[in-house]
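This briefing concerns the fold, the surface and the side-chain contacts of one protein chain. Please consult the sequence and the structure shown here while reading.

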Amino acid sequence: MPASMEALFSSEVAVVTACGLTALFVLVFLSLVVMASFDVIDGKFLLELIRAFRK
């Protein structure tokens, strides 16, 4: 493969990886929200988790 194709492929892999990790983070957060709404986990735990990520 030419060097320009390799650079393009590596940047595509980086973008796909970043999008995949973002989607995974959103799904985990939404599952925590759903569990908190059904009282599976404590809502205070979810608030502390949000505060920890904001810092």
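The points that follow are grouped by topic.

This is a predicted model, in which local features need pLDDT of at least 70 and side-chain atom pairs count only at pLDDT 80 or more, while totals for chains, interfaces and linings use all residues. Residues are numbered from 1 along each chain as its sequence is written, and side-chain values use heavy atoms, with hydrogens and water left out. The protein chain contains 2 helices and 0 strands.

**Overall architecture and surface**

- Helices (H or I, at least four residues) and strands (E, at least two) are DSSP runs, numbered from the N terminus.
- Of the 55 residues in the protein chain, 7% are buried; buried denotes under 20% relative accessible area, exposed over 50%, and partly exposed the range in between, with a 1.4 Å probe and protein chains only.
- The protein chain has an accessible surface of about 4,800 Å², and carbon and sulfur atoms account for 74% of that surface.
- Accessible areas come from the Shrake-Rupley method with a 1.4 Å probe, and for residues only the protein chains shown count as cover.

**Nonpolar surface patch**

- Phe25, Val26, Phe29, Leu30, Val33, Leu47, Ile50 and Phe53 make a nonpolar surface patch of about 700 Å².
- Two or more residues of the nonpolar patch come from each of α1 (3-37) and α2 (43-54), and α1 supplies the largest share, 5 residues.
- Patches consist of residues with over 30% relative accessible area and no salt bridge; like charges are joined within 9 Å, and nonpolar side chains (Val, Leu, Ile, Met, Phe, Trp, Tyr) within 5 Å.
- Ile50 is located in helix α2 and counts as partly exposed at 31% relative accessibility.
- The C-alpha atoms of Ile50 and Phe29 are separated by 9.4 Å, the two residues being 21 residues apart along the chain.

**Aromatic pair**

- There is 1 aromatic pair in the structure. Phe25 and Phe53 form this edge-to-face pair, at 5.5 Å centre to centre and with 80° between the planes.
- The pair links distant parts of the chain, with Phe25 in helix α1 and Phe53 in helix α2, 28 residues apart.
- Rings of Phe, Tyr and Trp (its six-membered ring) pair if their centres lie within 6.5 Å; planes under 30 degrees apart count as stacked, over 60 as edge-to-face and the rest as tilted.
- Phe25 is partly exposed, at 45% relative accessibility, whereas Phe53 is exposed, at 57%.

**Salt bridge**

- The count is 1 salt bridge, defined as a side-chain nitrogen of Lys or Arg within 4 Å of a carboxyl oxygen of Asp or Glu.
- This contact joins the side chains of Glu48 and Arg51, with an N to O distance of 2.9 Å.
- Glu48 and Arg51 are separated by about one helical turn because they are 3 residues apart in helix α2.
- Glu48 is partly exposed, with a relative accessible area of 47%, and Arg51 is also partly exposed, at 49%.

**Backbone feature in the loop**

- Asp39 lies in the loop between α1 and α2 and is exposed, with a relative accessible area of 67%.
- The phi of Asp39 is near 60°, a positive value in a residue other than glycine.
- Most residues other than glycine have a negative phi.
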